Every structure is written in structure tokens, then in C-alpha cells.
Amino acid sequence: MTNIQISDLKVAVLAGGVGGAKLVLGFDRILEAGNLSVIVNTGDDFRHFGLQICPDLDSVCYALAGLANKTYGWGQENESWQVANALADLGAPTWFQLGDRDLATHLERTRLLESGKSLQDATQILCNRFGILSQVYPMTDEPAATMIETKQGSLLTFQDYLVRLSAEPEVARVVLAEAERAELLPASKKAIEEADLVVLAPSNPWVSIDPILTLKDIRKILTSKTVYAVSPIIQGKALKGPAAKMFAELGIEPSSQAVLAHYRDFLDVFVYDLSDDQLSDQEVETVQLQTIMKTDEDKIALAEAIANHFLKYRGRL
Ligand code: FO1
């Protein structure tokens, strides 16, 4: 058993928004530059004011660049709102708050895309400019918009559901029709295949992780990898966002157990919070860790605890 160091591990993290970005920062800090690959959900992406907005890519990149707004989890810290205020004065739609610095990211990404760059290339260019050394990949370059079908029978774009309507409509179905037709980005596929360890970050299973798992072939690849998942549900509740509400509306009692079941067919180890009820499972190993990440130290500690567990777990295989 070679005594490989944590920093030498190659880790691929599948991540969505806020919760995902926190754990990604933890791994970024403990791994050798370039050993972390983040495969990011693009189902939340939408066009707004003619700009291509990629919220989860931005949450991950801002976190890794040390620019993330600490209060909201999206957008930037030290933000100003001149354009947003001017838009309000014009009577323009303001339900999706665009800070001035955040707007620069959307403007530059849109310019790169319209100059013919792929979303992967545009993301790489922005990451280079942000000084990010980890690999950040969109899950696909193709359209993969997540839609929400409500119990009232309407079909909403994701941001309309989540932000404009504050996730109030009752969810009948999460529609991933575009993701079902999209190809997993080859670079993301390679990163997963080459990883020692794949980690599903504590993101919303339905709308942040499932879009990635819906892409062709990824589940088959994951069955041949060592896969950890961190529960985004603690004591039946999500720390942020509508994950628990969606479980309930989709007829499933929200719990970490329900999250484990959601990923069961390719999962090796399930990580859930110290404060949650004891959980054991026949096929999947369960580990209780401090998964609530308030500080950067918490994020690093959780990443380290997962990596340490993996080094021992791998030794037992
Ligand atoms: N979420 C909100 O609840 N309200 C907003 O006004 C808002 C603006 C926003 C701007 C840029 C961006 O990248 C994300 C933004 N988000 C906002 C979060 C967004 O809805 C994401 O999809 C969530 O973080 C879930 O991933």
C-alpha cells in the first residue's frame, strides 16, 4: 500500500450551487494544484437581458477565487448595485439581482461565447483570469436547461421557479429532457475516469446533481469508480434551498436516508452530519462527519476527513 499523501489524490467533485462550492473550496485547498476537477451543473443556466448566466459555474469559480458573497452564497462580495438600481428606475425586471461586478462576468462570458468559444473554453478563460488552478468544467457544452413542472400544471424555467417564484410552486416533476440528450463533456468524463475518488457535493439531488447524472454514460462510469456523496439534508431539512421541500412534494420523506437511496446504485460511501440520526445501510458504507461548513476551516476539515476516510477505505478494498 503506497503511503500516498492526501495532496497527491486526484479528486473529481460533482457540484451544483452554494453547498457544492463550499466543499469544492475545501478540496481546492488540500490537493496539489490541478488534482481537483469540478464538474458543475449547468441546468440552472438561462438567458437574461441577452446574457448567458451560469449560476453554479459562477458560485464555484467565485468561491475558488475568494470572491464569493458570504451572505448569499451566489454573486460576489464587495458588490455594488448601480446597474441594478438603474434597471429598477427604468422599470426593468429586477427579480434576478445582478451586481455590477457579477454583471461583468456575465458580459464577458457572453462575449466569449458569441465569439465562438465553447462554454468549456469560456470557463477555462475566466478561471485563468480568476487565478483558479483547479479544473472547473461545465457538465456539458450543450443546452441542458432544467425545467420544473408544477402541480398546477405549468412548466417553469429553473430560475423562474427558484428565484422569481421563490420556490413556492409545488413540484410535480423535474424535467431534464435537454440533459437526457446532452453529452457529458469529454474533459469531465476524462476527469472522472482518471480520479482516485469521485465526490457528490452536498447539493440539491434533484436539480443540481441529477442533471449531471442524467448525461449519457455517466452512471455507467460511476459504477466503476469509488464514489462518496455528502448529504445536503440534515434532520430532514436542507441548510439552504428547496431540496427538502422538493423531496416532500415528490412524495419522499426528506432525510439523509432518502438521499442515500437516491444515489444507491453507484454509491460506495455516504457522508452525513454528526447532528443527524444514526444511519446504517446494507450495501453503502455510512460515515458521520461535521458537514455544516460555516468557515473555510470547516470546508477544509470536511474535505480532509473525506480524503482520510478514502485512504483507509481504499486500503480495505
Ligand atoms: N438567487 C436568488 O435567490 N436571488 C437572486 O436575485 C439571485 C441572483 C443571482 C445572480 C447571479 C447568480 O450567479 C446567481 C443568482 N442567484 C440568485 C442564485 C441562483 O438562483 C442559483 O441558481 C442558485 O444559487 C441555485 O444554484
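**A loop and two spaces**

Mentor: Ser231 has its place in the loop between β10 (227-230) and β11 (233-234), where strands are DSSP runs of E of at least two residues and helices runs of H or I of at least four, numbered from the N terminus. This is a predicted model, in which local features need pLDDT of at least 70 and side-chain atom pairs count only at pLDDT 80 or more, while totals for chains, interfaces and linings use all residues. Residues are numbered from 1 along each chain as its sequence is written, and side-chain values use heavy atoms, with hydrogens and water left out.

Trainee: Is Ser231 buried or exposed?

Mentor: The classes rest on relative accessible area, with under 20% for buried, over 50% for exposed and partly exposed in between (1.4 Å probe, protein chains only). Ser231 has a relative accessibility of 3%, and therefore it counts as buried.

Trainee: Which backbone oxygen does the side chain of Ser231 reach?

Mentor: Contact means heavy atoms within 4.5 Å, and, leaving aside neighbours within four places in sequence, Ser231 is in contact with Pro202, Ser256, Val259, Phe270, Val271 and Tyr272. At 2.8 Å, the side chain of Ser231 reaches the backbone oxygen of Ile233.

Trainee: Is Pro232 buried or exposed?

Mentor: Pro232 also lies in the loop between β10 and β11. Not counting residues up to four places away in sequence, Pro232 touches Pro202, Ser203, Pro205, Lys237, Ala238, Leu239 and Val259. Because its relative accessibility is 10%, Pro232 counts as buried.

Trainee: What is the volume of the largest cavity?

Mentor: On a 1 Å grid over the protein atoms alone, a cavity is a set of points where a 1.4 Å probe fits but cannot get out, and lining residues have an atom within 4 Å of a point. A search of the whole structure finds one cavity of 30 Å³ or more, and the lining of the largest cavity includes Phe49, Leu87 and Phe96. With volume taken as the space filled by probe spheres set on the points, which are joined across faces, edges and corners, the largest cavity comes to about 50 Å³.

Trainee: Which elements give two or more residues to the lining of the second largest pocket?

Mentor: A pocket is an open set of points with protein on both sides within 12 Å along at least five of seven lines, and the second largest pocket has a volume of about 270 Å³. Of its 22 lining residues, the closest to the centre are Thr42, Asp45, Gln52, Pro143 and Ala144. The elements that give two or more residues to this lining are β3 (46-48) and α6 (158-164).

Note on methods:
Polar contact = N/O pair within 3.5 Å; in protein donor to acceptor, adjacent residues only side chain to side chain.
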